[in-house]
Amino acid sequence: MSARPRRELPQPLRRLLRLRLLLKRKKPDFVRIDQWRYKRIEDSGWRNQRSLDNKIRRKWKGWPKPVEVGYRKPAAVRGLHPSGFVEAIVHSPEELSKLDPKIHAVRIGRTVGLKKRLEIVKKARELGFYVLNPGKRVEELLKKELNKAQSSQ
């Protein structure tokens, strides 16, 4: 199995990716008021605070932090995969021809079945793409094919 393709990143972009990682570690978990108190809203996610006496909205000491614009990440690296590639969702092998392996990493759509997924992974590796989610079964099938080819020689 060959090594995973890597993207050559300019130094400023590499620095911004590192900065994004550090900022992510500092970002608090944004919660809805009383999310820790009531089980029925435990997994409801963040909601904007609207009431007059909301402690989160008023930024009281000891209460969870509210969502603010200062928690955003640098614009140049927003939406990039941690490896620096731009993610592209692919549903068929033909879609790979529109992408650049030096810029894009391939993420296979969740509705794609095993047969087509196998075709996509084979073609993507042939063209030099980084496949983010090849799938365990596809890896096993590719390994079997490789073993079969080696044993027949």
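Trainee: How many helices and strands are there in the protein?
Mentor: This is a predicted model, where local features need pLDDT of at least 70, side-chain atom pairs count only at pLDDT 80 or more, and totals for chains, interfaces and linings use all residues. Residues are numbered from 1 along each chain as its sequence is written, and side-chain values use heavy atoms, leaving out hydrogens and water. Helices (H or I, at least four residues) and strands (E, at least two) are DSSP runs, numbered from the N terminus. The protein has three helices and three strands.

Trainee: Which residue lies over the face of Tyr-130?
Mentor: A charge sits over a ring if NZ of Lys or CZ of Arg is within 6 Å of the ring centre and within 35 degrees of the ring normal. At 4.6 Å from the ring centre of Tyr-130, the residue is Arg-4.

Trainee: How many aromatic pairs does the count come to?
Mentor: Rings of Phe, Tyr and Trp (its six-membered ring) pair if their centres lie within 6.5 Å; planes under 30 degrees apart count as stacked, over 60 as edge-to-face and the rest as tilted. By this rule, the count is three.

Trainee: What is the angle between the planes of Phe-85 and Tyr-130?
Mentor: Phe-85 and Tyr-130 form a tilted aromatic pair, 5.8 Å centre to centre. The angle between their planes is 50°.

Trainee: Are Phe-85 and Tyr-130 buried or exposed?
Mentor: Buried means under 20% relative accessible area, exposed over 50%, partly exposed in between (1.4 Å probe, protein chains only). Both Phe-85 and Tyr-130 are buried.
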